[in-house]
Amino acid sequence: MAMRPASPEPAHIAIFAKAPVAGTAKTRLIPALGAAGAARLHRQLVRHAVATAHTARLGPVSLWCAPDIAHRFFRALAVTTGVPLHVQHGEHLGERMHHALSTLTATAPTLLIGTDCPMLDATMLQDCANALRHGDDAVFLPAEDGGYALVGLRQPQPDVFRDIDWGSGAVMAQTRDRLREGGLHWSEPATVWDVDRPQDLARLRRSALLAAR
């Protein structure tokens, strides 16, 4: 009797999201959308990210919230999608990412994404998980603005997040320096674009990526 192929190694998907509070969410889009409009778009982006993560069918999906899990949007999303909620911990983005990744990689390779990249689809997530399954220490999806939209690790790598100018256009370049310094093998399957500035909105509208959300 023919043997069934082994199931792929599961992978966690962690999603980082801020509470959709008008005036604090997507602040660089406020000149174009207003505070309430920017917060409304942020809610769409979070829902889109959660749906995409579930569609990838890689393993457990979790939502890591800032500043806490109290916002009613997060609570409602947990009820409607079943996604568990966690609080982000750390003084800066690097510490917060390391905390989440070190927690989850204890049991499985982990992909961590934000919510600003609606072009990130299930196939990209699967490709990134496969990179880790096939031996890469890390995987990244660089963004056109110099940052990245996804980081995946097989095990904790705190030095990857050391001495990075978060929020600048040098984030991915500095991260590559840390990866080389650590002797790590990594891959970058694709370069993506995110929605962060008013000029990104026209591209988002043309893409119609959020039309069904």
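Is Thr115 buried or exposed? Thr115 is buried, with a relative accessible area of 6%, where buried means under 20% relative accessible area, exposed means over 50% and partly exposed lies in between (1.4 Å probe, protein chains only).

## Basis of the model

The model is predicted, so that local features need pLDDT of at least 70 and side-chain atom pairs count only at pLDDT 80 or more, while totals for chains, interfaces and linings use all residues. Residues are numbered from 1 along each chain as its sequence is written, and side-chain values use heavy atoms, with hydrogens and water left out.

## Thr115 and Ile15

Thr115 is placed in the loop between β4 (110-113) and α4 (122-133); helices (H or I, at least four residues) and strands (E, at least two) are DSSP runs numbered from the N terminus. With neighbours within four places in sequence left aside, Thr115 is in contact with Ile15, Phe16, Ala17, His42, Leu45, Val46 and Ala49, contact being taken as heavy atoms within 4.5 Å.

Ile15 belongs to strand β1 and counts as buried at 0% relative accessibility. Not counting residues up to four places away in sequence, Ile15 touches a set of residues including Ala49, Val50, Ala53, Trp64, Ile113 and Thr115. The C-alpha atoms of Ile15 and Leu85 are separated by 9.8 Å, although these residues are 70 apart along the chain.

## Helix α1 against α2

Two packed helices are described by the angle between their axes and the distance between the axes. The axes of α1 and α2 come within 12 Å and cross at roughly 30 degrees; axes are lines fitted to C-alpha atoms, for helices over the stretch in contact, and angles run from 0 to 180 degrees between N-to-C directions. The two helices α1 and α2 are therefore roughly parallel to each other, since angles under 35 degrees count as roughly parallel, over 145 as roughly antiparallel, 65 to 115 as roughly perpendicular and the rest as oblique. From α1, Arg43, Val46, Arg47, Val50 and His54 meet Phe73, Leu77 and Thr81 of α2. By class, this contact of α1 with α2 has four nonpolar, two polar and two charged residues (Ala, Val, Leu, Ile, Met, Phe, Trp, Tyr, Cys and Pro count as nonpolar, Asp, Glu, Lys and Arg as charged, and the others, Gly among them, as polar).

In helix α2 (residues 72-81), the buried residues are Phe73, Phe74 and Leu77. Seen down the axis of α2, they fall within an arc of 95 degrees and so line one face of the helix, the arc being that of the directions from the helix axis to the C-beta atoms. These buried residues of α2 pack against β1 (12-18), α1, β2 (61-66) and β3 (85-87), whereas the face turned away from the buried side carries the exposed residues Arg72 and Val79. Gly82, which follows α2, has a positive phi near 80 degrees.

## Helix α1 against α6

Helix α1 (residues 30-56) and helix α6 (residues 200-207) pack at an angle of about 45 degrees with their axes 14 Å apart, and α1 and α6 are therefore oblique to each other. Ala32, Leu33 and Leu41 in α1 meet Leu201, Leu204 and Arg205 in α6, a contact that by class has five nonpolar, no polar and one charged residues.

Asp200, Leu201 and Leu204 are buried in α6; they cover an arc of only 100 degrees around the axis, which puts them on the same side of α6. The buried residues of α6 pack against α1, while the face turned away from the buried side of α6 carries the exposed residues Arg205 and Arg206.
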